[in-house]
Amino acid sequence: EEQEEDVLRELRLFLRNVTERLALDRRFKAFTKPVDIEEVPDYLMVIRKPMDLSTLLTNIDQHKYVTVREFMSDTDLIWQNALEYNPDSDPMDRHIRHRACALKDTVRAIIRDELDEDFERVCEEIRESR
Ligand SMILES: COC(=O)N1C[C@@H]2C[C@@H]3O[C@]2(Cc2nccnc23)C1
């Protein structure tokens, strides 16, 4: 009903704010857009579910996320994909893995500090009711 749409509107505002803050962080530049398949032709053979910050914003606007848990499944894809595709000891791989781990830690810290558990519980109830 209307109150549920108010809750989901507030969820989208929160998720957009988090995503935009991540996209402004220079450490996360490599995660802001999809990996360029013309530059990296084997990427989709290795990574089955690509994800990036611009796609998160599109998903938010298309009402893909009804809970923060669903949003975090996609933010987890971003850093997990980077660890998987860039496993080597060379400096570039180490660089992007360090940034992937920073992205993981930053998202978890924001959610821990800024998401009210009662709000997420209401979102989960809406998800289960649909
Ligand atoms: C999230 O970003 C990534 O996982 N990657 C992996 C790719 C390999 C390397 O860095 C990326 C883009 C790129 N383009 C041209 C040549 N080499 C590269 C970004």
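Analyst: Thr75 counts as buried because its relative accessible area is 2%; buried means under 20%, exposed over 50% and partly exposed in between, with a 1.4 Å probe and protein chains only. The model is predicted, so local features need pLDDT of at least 70 and side-chain atom pairs pLDDT 80 or more, while totals for chains, interfaces and linings use all residues. Residues are numbered from 1 along each chain as its sequence is written, and side-chain values use heavy atoms, without hydrogens or water.

Thr75 belongs to helix 4, residues 68–85. Helices are DSSP runs of H or I with at least four residues, numbered from the N terminus. Apart from neighbours within four places in sequence, Thr75 is in contact with Leu56 and Val107, contact meaning heavy atoms within 4.5 Å.

The axes of helix 1 (residues 2–24) and helix 5 (residues 91–114) come within 11 Å and cross at roughly 145°. Here an axis is a line fitted to C-alpha atoms over the stretch in contact, and angles run from 0 to 180 degrees between N-to-C directions. From helix 1, Phe14, Val18, Arg21 and Leu22 make the contact; from helix 5, the partners are Leu103, Thr106, Val107, Ile110, Ile111 and Glu114.

Asp25 is placed in the loop between helix 1 and helix 2 and is partly exposed, with a relative accessible area of 21%.

Side chains of opposite charge can pair when their charged atoms come close. A salt bridge is a side-chain nitrogen of Lys or Arg within 4 Å of a carboxyl oxygen of Asp or Glu, and the count by this rule comes to 14. One of them joins Asp61 to Arg16, with the closest N and O atoms 2.7 Å apart. That pair links distant parts of the chain, since Asp61 is in helix 3 (residues 53–61) and Arg16 in helix 1, 45 residues apart. Both are partly exposed: Asp61 at 45% relative accessibility and Arg16 at 23%. Within a further group, salt bridges with shared partners join Glu2, Asp6 and Arg9 into one network. In the bridge between Arg9 and Asp6, the closest N and O atoms are 2.8 Å apart. Because these two residues lie three apart in helix 1, about one helical turn separates them. Arg9 is partly exposed at 39% relative accessibility, as is Asp6 at 38%.

Glu4 forms a salt bridge with Arg130, whose closest N and O atoms are 3.1 Å apart. Arg130 lies in the segment after helix 6 and Glu4 in helix 1, so the pair ties together parts that are 126 residues apart in sequence. Arg130 is exposed, with a relative accessible area of 52%.

Helix 6 itself, residues 117–128, contains Glu124. In contrast to Arg130, which is exposed, Glu124 is buried, with a relative accessible area of 14%. Beyond its neighbours within four places in sequence, Glu124 is in contact with Thr67 and Arg69.
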